[in-house]
Amino acid sequence: MEGILISSSPLRFNPLTSSQRITKKRIQTTVCGGYYYRGGRVVDENMVILRKRIHERKMVERNYEPPSHWMQWEKRFYCTYDANICAALSLLQSFLMNSRPSVAFGTMLLLFVSVPVSSAFFAFRILDIVFWLLDSAHVG
């Protein structure tokens with residue numbers, strides 16, 4: 001799509017103040033499809049929509065059939081997967097937007113701290129079981 005360049009610059013000849021030189025910084029904005037493009041903001045805001053459209057296009061190309069190497073439960077959820085993800089994220093978004101910022105930051109902090117701690121606990125427990133098995137095999 002071809003963009004139109006709009007350049008706001010002072011007039012080169014101003015009959016009222018012809019002896020004064022006006023120097024202003026030029027601001028360039030590209031208009032693409034009715035949207036103003038300044039530093040990728042429009043593209044970033046609509047990236048989710050772009051990904052969704054690409055996914056929908058791939059589904060149409062495959063006639064809404066999941067790939068053959070997927071498991072049976074994955075094939076059942078294939079058509080409603082996008083709607084389920086959007087619903088879950090909209091619930092999370094509405095919770096975070098309707099709460100105080102300290103509650104939102106506290107929730108995020110709790111999530112970011114609890115996942116590594118529980119993973120480390122699980123890894124150490126598995127390591128203990130492995131050592132116990134090696135110890136019992138060595139003694140017997």
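Two residues are in contact when heavy atoms of theirs lie within 4.5 Å of each other. With that in mind, here are legends for a few views of this predicted model.

View 1. Start at the N terminus and follow the elements in the order β-β-β-α-α-α-α-α. The chain has 140 residues, and 6% of them count as buried. Its accessible surface comes to about 13,200 Å², with 63% of that area belonging to carbon and sulfur atoms. As for contacts between residues at least 6 apart in sequence, 27% of them join residues at least 24 apart.

**View 2. The second largest pocket, with a volume of about 240 Å³.** Helix 2 (47-61) and helix 4 (81-98) each bring at least two residues to the lining of this pocket. Which helix gives the largest share of the lining? That is helix 2, with 5 residues. Look for Val48, Ile49, Arg51, Lys52 and His55, together with Asp82, Ile85 and Cys86, along the pocket. By residue class, the lining of the second largest pocket holds 4 nonpolar, 1 polar and 3 charged residues.

**View 3. Pro67, in the loop between helix 2 and helix 3 (72-77).** Setting aside the neighbours within four places in sequence, you will find Pro67 in contact with Arg62 and Lys75. Tyr78 comes into this view too: 11 residues separate Pro67 and Tyr78 along the chain, and their C-alpha atoms are 9.6 Å apart.

**View 4. Trp70 and Tyr78, an aromatic pair.** How many aromatic pairs does a search of the whole structure find? The search finds 1. In this pair, formed by Trp70 and Tyr78, the ring centres are 5.3 Å apart and the planes make an angle of 75 degrees. The pair counts as edge-to-face because its angle of 75 degrees is over 60. Now compare how each partner meets the surface. Tyr78 is buried, at 5% relative accessible area, while Trp70 is partly exposed, at 29%. Trp70 falls in that class because its 29% lies between the limits of 20% and 50%. Tyr78 thus links two of these views: its ring pairs with that of Trp70, and its C-alpha atom lies 9.6 Å from that of Pro67.

Terms used
Residues numbered from 1 in each chain as written. Predicted model: local features only at pLDDT ≥ 70, side-chain atom pairs only at ≥ 80, totals over all residues. Heavy atoms only, no water. Helix = DSSP H or I, 4+ residues; strand = E, 2+ residues; numbered from the N terminus. Buried < 20%, exposed > 50% of the residue type's maximum accessible area, 1.4 Å probe, protein only. Areas by Shrake-Rupley, 256 points an atom, 1.4 Å probe, with all protein chains shown as cover. 1 Å grid on protein atoms, 1.4 Å probe; cavity = no way out; pocket = protein on both sides within 12 Å on 5 of 7 lines; lining within 4 Å. Points joined across faces, edges and corners; volume = space filled by probe spheres on them. Nonpolar A, V, L, I, M, F, W, Y, C, P; charged D, E, K, R; others polar. Phe/Tyr/Trp six-rings, centres within 6.5 Å; stacked < 30°, edge-to-face > 60°.
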